[in-house]
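Subject: Handing over a structure, with notes

Dear colleague,

Here is the structure that I promised to pass on to you, and below it you will find my notes on what turned up when I went through it. Please read them with the structure open beside you.

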Amino acid sequence: MSIPRVPALLLSVGLAACGVREEAPAAANGSERPVTATVAPAARQESSRTILEEPRGPIDPKSVEAAGQVVQSYGALLEAGHFPNAAEEWGDRRAAEAFARQFGGRTTHLQIGNLGAAEGAAGSVYTTVPVVFYGEGFSRPANIILRRVNDVPGSTEAQRRWHIERIDWTAR
């Protein structure tokens, strides 16, 4: 006896109707591990925030769009409960683990806002991405500050990739 495929078909049709699709982009940090993230196909307004637009074409690893991919990867890993892998998106693993403990193992989702402009400072480039962490019984806005070191002599590959420097909670 075969198992009916109707529930899976209905779920697929329902997700397609909502404009949600899954992709497996290459990781923005240069690793080979693929990441599956749920991405809105185009910018749309939800509440007072605009959802991150999907890129249209190749992304320069030094661009703020590449920083946006790091945030998308981080959100997908949090949602899947892969906290150790999510910590790899940070420059400081201990800071990442301390931040993740705030969720107490709860399923956490991430709504990503528009990318900020790149700002240079002392051999590094920074950008800020507004986000909302949410899950059952909580919703909290924050700014994810990302950093990458310019291609300066002595810098490592890990320093030259976009990584989360810190996450600052913001007021509503």
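Arg160 forms a salt bridge with Glu157, and the closest N and O atoms of the two are 3.8 Å apart. Both residues belong to helix α5, where they sit three residues apart, or about one turn of the helix. Arg160 is partly exposed, at a relative accessible area of 26%, whereas Glu157 counts as exposed, at 60% relative accessibility. Please bear in mind throughout that this is a predicted model, and that the values quoted here were computed from it.

Which parts of the chain does the salt bridge between Lys62 and Asp151 tie together? The side chains of these two residues meet at 2.5 Å, N to O. Lys62 lies in the loop between β4 (49–50) and α2, and Asp151 lies in the loop between β8 and α5 (157–160), so the pair ties together parts that are 89 residues apart in sequence. Lys62 is partly exposed, with a relative accessible area of 45%, and for Asp151, likewise partly exposed, the value is 45%. The two residues also belong to a network of salt bridges in which Lys62, Arg148 and Asp151 are linked.

Turning to the chain as a whole, the protein has five helices and nine strands, which follow one another along the sequence in the pattern α-β-β-β-β-α-α-α-β-β-β-β-α-β. Of its 172 residues, 35% count as buried. Among contacts between residues at least 6 apart in sequence, 49% join residues that are at least 24 apart. The accessible surface of the chain comes to about 10,100 Å², and 54% of this belongs to carbon and sulfur atoms.

A word of caution about confidence belongs here. The pLDDT of the chain averages 76, and 68% of the residues score at least 70. Over residues 1–48, however, the pLDDT is below 50, and in the model this stretch has 53 contacts beyond near neighbours in sequence.

As for the interior, in soluble globular proteins nonpolar side chains tend to be buried together. In this model the largest nonpolar core has 26 residues, and those with the most contacts inside it are Tyr74, Val131, Phe133, Ile144, Leu146 and Ile167. At least two residues of this core come from each of the helices α2 (64–79), α3 (83–87) and α4 (93–101) and from each of the strands β5 (109–112), β7 (124–135), β8 (138–149) and β9 (163–169). Helix α2 gives the most to the core, with seven residues.

Helix α2 also carries Ser73, which counts as buried because its relative accessibility, 5%, is under the 20% limit. The side chain of Ser73 makes a polar contact with the side chain of Glu89, at 2.7 Å.

Arg101 has its place in helix α4 and is exposed, with a relative accessible area of 61%. The C-alpha atoms of Arg101 and Phe83, which are 18 residues apart along the chain, are separated by 9.3 Å.

The other is Ala122, found in the loop between β6 (119–121) and β7. Most residues other than glycine have a negative phi, whereas phi of Ala122 is near 45°, a positive value in a residue other than glycine. Ala122 is exposed, with a relative accessible area of 86%.

With best wishes

Key
Residues are numbered from 1 along each chain as its sequence is written. This is a predicted model: local features need pLDDT of at least 70, side-chain atom pairs count only at pLDDT 80 or more; totals for chains, interfaces and linings use all residues. Side-chain values use heavy atoms; hydrogens and water are left out. A nonpolar core is a set of buried Ala, Val, Leu, Ile, Met, Phe, Trp, Tyr and Cys residues joined through side-chain atoms within 4.5 Å. Buried means under 20% relative accessible area, exposed over 50%, partly exposed in between (1.4 Å probe, protein chains only). Helices (H or I, at least four residues) and strands (E, at least two) are DSSP runs, numbered from the N terminus. Contact means heavy atoms within 4.5 Å. Accessible areas come from the Shrake-Rupley method with a 1.4 Å probe; for residues, only the protein chains shown count as cover. pLDDT is the predictor's confidence in each residue, from 0 to 100. A polar contact is a pair of N or O atoms within 3.5 Å; within protein, one must be able to donate a hydrogen and the other to accept it, and residues adjacent in sequence count only if both atoms are side-chain atoms. A salt bridge is a side-chain nitrogen of Lys or Arg within 4 Å of a carboxyl oxygen of Asp or Glu.
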